[in-house]
Amino acid sequence: MKIKRKCLKYIDKHFKNIKQGSTVAISGATGSTGKALAYYLAYLNCNLVFLVRNIKEGNNLKKELLDLFKVNIDVIYLDYANKKSVDQTIFSLSKMGIDLLFNNAGIYHQPLKLIDNYDITFYVNFLMPVYMEEKLAKIYSNIKIINTGSISYRYLKLNKNDLLKLNEKNRTLRYGNSKRLLMLYTTYKKYLGNNFSLAHPGISATNLFASKNKAYPKIFYVFITPLMKIIFMNPNKAALSLLKGINEDNLPFNKWIGPRGLCHAWGYPNIQAIKEGLLEELKDKELLDRVFKIINKEQSK
Ligand SMILES: NC(=O)c1ccc[n+]([C@@H]2O[C@H](COP(=O)([O-])OP(=O)(O)OC[C@H]3O[C@@H](n4cnc5c(N)ncnc54)[C@H](OP(=O)(O)O)[C@@H]3O)[C@@H](O)[C@H]2O)c1
């Protein structure tokens with residue numbers, strides 16, 4: 001993995017109060033942002049638990065980092081598209097002494113596919129992460145949880161009569177809906193005084209836009225992906241915004257972390273206001289009740 005020297009310099013300068021020896025679980029550790037995040041956390045002497053759906057890739061990453069850093073790394077299978085796998089991951093994590101969870105895994109621009117009567121984007125980006133977080137927060141009362149939002153939350157408002165978006169054909173809107181729900185949930189947990197944080201990586205030419213994820217027709221990967229790599233941020237830099245979540249224990253509930261720069265798509269991290277009506281949605285009791293009804297139903301199944 002190539003990590004830019006200037007990103008490490010940024011870390012040396014800005015990330016001083018990370019507790020060395022903390023155990024940090026990262027979902028999607030084998031993804032583009034996840035790998036950089038794992039590298040930075042190992043660099044900062046944290047022990048790591050990779051939550052991955054590709055164990056071989058996870059072990060390769062483990063080996064690469066253990067050659068460089070003296071930390072402990074475990075690799076655990078996690079598939080957010082399979083609730084049994086999520087339950088097994090929670091069971092494994094319950095034995096490990098976790099201080100922090102980075103919920104970084106996610107899918108983008110996928111066709112509608114039903115899992116347990118939910119769309120896969122809703123299930124993987126929102127419902128299963130929240131299911132796991134609710135369980136982990138009960139096991140570890142002091143755990144810190146950092147969720148990965150997206151500026152795509154701007155694309156729509158939540159519709160309390162259509163939270164699941166099962167008839168929505170537009171893939172980007174279903175993605176925006178899943179991230180906005182995750183953001184509403186995180187912001188509400190913070191408002192209640194829980195140790196949650198919310199960050200976003202701006203826009204970065206990651207594997208979300210790689211052909212293996214089959215999000216777009218083949219031609220997209222020939223022409224658009226290379227262009228994105230020129231225009232948008234490298235995942236190394238994007239991961240700094242997620243990492244900053246670890247450093248911001250007292251961030252007000254109405255703020256999140258992301259790249260500064262135009263439209264918050266590029267640049268080094270800073271603290272930003274959550275806008276676009278999301279805070280008004282927090283005041284909508286009926287909407288919150290409906291969201292938590294879905295979450296609580298999943299907990300009790
Ligand atoms: N890139 C952007 O511009 C952008 C913008 C806003 C937000 N984000 C968010 O940033 C996060 C990181 O994404 P990325 O850009 O680094 O893309 P990425 O390289 O595709 O990483 C996504 C990670 O999620 C994992 N994943 C996907 N489905 C999963 C499932 N069912 N169970 C468990 N893990 C699963 C992937 O596993 P594999 O490694 O096995 O593929 C991968 O490790 C995501 O939450 C994404 O929504 C990205």
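This is a predicted model: local features need pLDDT of at least 70, side-chain atom pairs count only at pLDDT 80 or more; totals for chains, interfaces and linings use all residues.
**Figure 1. The largest nonpolar core**. This core contains 67 residues, of which Ile26, Leu37, Ala38, Leu41, Leu48, Phe50 and Leu51 touch the most other members. Its largest share, nine residues, is contributed by helix H5 (residues 120-139). In soluble globular proteins, nonpolar side chains tend to be buried together.

**Figure 2. Contacts of Leu51**. When neighbours within four places in sequence are left aside, Leu51 is in contact with Ala25, Ile26, Ser27 and Ala29, and also with Ile76, Leu78 and Thr89.

**Figure 3. Asn45, a residue with positive phi**. Most residues other than glycine have a negative phi. Asn45 is not a glycine, yet its phi is positive, at about 65°. The residue is found in the loop between H2 and strand E2 (47-52). Because 14 other C-beta atoms lie within 10 Å, Asn45 is classed as partly exposed.

**Figure 4. Asn117, a residue with positive phi**. Although not a glycine, Asn117 has a positive phi of about 70°. Asn117 occupies the loop between strand E5 (114-115) and strand E6 (118-119). With 8 other C-beta atoms within 10 Å, Asn117 is therefore exposed.

Definitions and conventions. Residues are numbered from 1 along each chain as its sequence is written. A nonpolar core is a set of buried Ala, Val, Leu, Ile, Met, Phe, Trp, Tyr and Cys residues joined through C-beta atoms within 7 Å. A residue is buried if 20 or more other C-beta atoms lie within 10 Å of its own, exposed if 12 or fewer, and partly exposed in between; C-beta atoms are placed from the backbone. Helices (H or I, at least four residues) and strands (E, at least two) are DSSP runs, numbered from the N terminus. Two residues are in contact if their C-beta atoms, placed from the backbone, lie within 7 Å.
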